[in-house]
Amino acid sequence: MTGTPAPFTADDYQARMERAARAAADAGLAGVLVAPGPDLVWLTGYAPPAATERLTLLVLAAGQDPVLVVPTLEAPDAEKAAGAPALTLRDWTDGKDPYATTAPLLDAAGRFGVSDNAWALHLLGLQKALPGTSYVSLTEGLPMLRAVKDAAELERLAAAGEAADATYEEILKVSFAGRRESEVAGDLADLLRRFGHSQVDFTVVGSGPNGANPHHEAGERVIDNGDMVVLDFGGLKHGYGSDTSRTVHVGEPSAEERRVHDVVREAQEAAFRAVRPGIACQDVDRVARAHITEAGYGDRFIHRTGHGIGVTTHEPPYMIEGEEQPLVPGMCFSVEPGIYLQGRFGVRIEDIVTVTEDGGRRLNNTSREMAVVH
């Protein structure tokens with residue numbers, strides 16, 4: 001396992017905030033409004049101590065210093081954030097109108113990008129205070145804001161991928177037959193934490209017919225000899241995401257099961273080899289889908305080929321038809337084609353991939369051949 005990376009500095013956060021303000025201006029927006037959540041953590045290093053109905057909002061706009069509006073009682077925590085030296089805190093006390101505090105910071109006729117998880121309560125409050133303003137979600141207005149990772153972020157993503165790989169290698173040693181899916185899922189969660197994850201986001205264990213549901217939640221079904229089992233698991237390590245899938249078989253697989261697995265493995269390999277700067281996100285999806293369609297399973301590949309990953313396990317860009325965003329070095333995303341035969345079994349193989357100057361690099365490196373477990 002790699003060591004703990006150096007923490008991000010105030011200069012790192014200042015550069016991110018400046019980049020966000022410039023990107024907003026380039027997109028024709030008056031600025032960016034960021035509520036508590038992954039965007040706020042990425043931009044400032046600050047996560048409020050708990051979910052609260054009190055307004056906390058980062059205001060970024062080109063040509064003005066960043067300001068974080070916070071409740072007075074939470075200001076001491078905000079002041080300790082790594083990015084705090086790069087911004088101004090403006091606090092408001094209970095009983096006062098937080099929108100009156102925030103309104104002077106905004107262009108009264110501006111259109112702003114707003115973090116996706118902002119509360120409607122606060123957005124409506126701002127609209128009431130500034131009826132000339134309008135808003136667009138960051139996913140729509142600035143979808144690539146966090147998409148291109150720097151070297152320090154790539155280091156964290158690689159460490160998360162390494163931990164997920166170690167988890168997979170260990171799970172192959174446990175017993176599957178005769179145990180509930182939920183028990184194997186518990187093993188996966190324990191292993192992710194053992195290998196340094198601070199947060200486990202999902203542990204999909206889809207056995208037999210449950211494997212044909214891509215987002216099956218591990219349940220009480222007892223895994224049996226002869227089952228195909230889809231394993232999909234990930235979470236956060238050092239604040240950055242992991243997400244990998246492998247499909248194993250309890251006992252010896254049938255010829256059909258091997259064939260389906262081979263088709264998915266070949267599609268995943270072809271899509272990975274297509275990754276390079278300049279091609280559109282949709283082209284990665286097209287390559288995987290074409291291979292599966294040619295094999296006769298096109299209608300059984302029922303989801304996109306991939307999603308971005310960073311401080312969250314799902315974020316832009318998305319590898320799906322219609323997404324014309326070109327790949328750029330530093331982008332990180334999953335490549336995860338699958339085939340799902342309803343009532344029978346499913347197969348999915350997934351790696352996190354980062355775009356390099358001349359191609360792509362996998363951040364998951366466990367075997368993609370079908371593993372036989374007991």
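This is a predicted model: local features need pLDDT of at least 70, side-chain atom pairs count only at pLDDT 80 or more; totals for chains, interfaces and linings use all residues.

Reader: Into which class does the aromatic pair of phenylalanine 8 and tyrosine 13 fall: stacked, tilted or edge-to-face?

Author: The ring centres of phenylalanine 8 and tyrosine 13 are 6.2 Å apart, and pairing requires centres within 6.5 Å. The planes of the two rings make an angle of 75°. Because an angle over 60 degrees places a pair in that class, the pair of phenylalanine 8 and tyrosine 13 is edge-to-face.

Reader: Are phenylalanine 8 and tyrosine 13 buried or exposed?

Author: Phenylalanine 8 has a relative accessibility of 15%, and tyrosine 13 has 8%. Because the limit for this class is under 20%, phenylalanine 8 counts as buried, and tyrosine 13 is likewise buried.

Reader: Which residues do ring pairs link into a cluster?

Author: The model has 3 aromatic pairs. The cluster linked by ring pairs consists of Phe8, Tyr13 and Tyr240.

Reader: Which arginine lies over the face of phenylalanine 8, and which over the face of phenylalanine 301?

Author: Over phenylalanine 301, at 3.9 Å from the ring centre, lies arginine 289. Over phenylalanine 8, at 4.3 Å from the ring centre, lies arginine 16.

Reader: How many residues apart are aspartate 94 and arginine 54?

Author: The structure holds 24 salt bridges, and one of them joins the side chains of aspartate 94 and arginine 54 at 2.8 Å, N to O. Aspartate 94 belongs to the loop between strand 4 (88-92) and helix 4 (98-102), and arginine 54 to the loop between helix 2 (38-44) and strand 2 (57-61). The pair thus links distant parts of the chain, with a separation of 40 residues.

Reader: In which helix does the salt-bridge partner of arginine 344 lie?

Author: Arginine 344 forms a salt bridge with glutamate 256, with the closest N and O atoms 2.4 Å apart. The two residues are 88 residues apart, arginine 344 being in the loop between strand 14 (338-341) and strand 15 (345-348). Arginine 344 is partly exposed at 41%, as is glutamate 256 at 32%. Glutamate 256 lies in helix 9.

Reader: How many residues apart in sequence are the parts tied together by arginine 286 and glutamate 321?

Author: The side chains of arginine 286 and glutamate 321 meet in a salt bridge of 2.7 Å, N to O. Arginine 286 lies in helix 10 (residues 281-294), whereas glutamate 321 lies in the loop between strand 12 (315-319) and strand 13 (332-335), so the pair ties together parts whose separation in sequence is 35 residues.

Reader: Which strands stand at the edges of the open sheet?

Author: The open sheet has 6 strands in the order 4-3-2-1-5-6, with mixed pairing.

Reader: In which sense do strand 5 and strand 6 pair?

Author: Strand 5 comprises residues 111-114 and is joined to strand 6 over 4 bridges. Phenylalanine 112 stands opposite tyrosine 135 in strand 6. The sense of the pairing between strand 5 and strand 6 is parallel.

Reader: At what angle does helix 5 run to strand 6?

Author: Helix 5 spans residues 120-129 and lies across strand 1, strand 2, strand 5 and strand 6. Relative to strand 6, helix 5 runs at about 155°.

Methods. Residues are numbered from 1 along each chain as its sequence is written. Side-chain values use heavy atoms; hydrogens and water are left out. Rings of Phe, Tyr and Trp (its six-membered ring) pair if their centres lie within 6.5 Å; planes under 30 degrees apart count as stacked, over 60 as edge-to-face and the rest as tilted. Buried means under 20% relative accessible area, exposed over 50%, partly exposed in between (1.4 Å probe, protein chains only). A charge sits over a ring if NZ of Lys or CZ of Arg is within 6 Å of the ring centre and within 35 degrees of the ring normal. A salt bridge is a side-chain nitrogen of Lys or Arg within 4 Å of a carboxyl oxygen of Asp or Glu. Two strands pair if DSSP finds at least two bridges between them. Contact means heavy atoms within 4.5 Å. Axes are lines fitted to C-alpha atoms, for helices over the stretch in contact, and angles run from 0 to 180 degrees between N-to-C directions.
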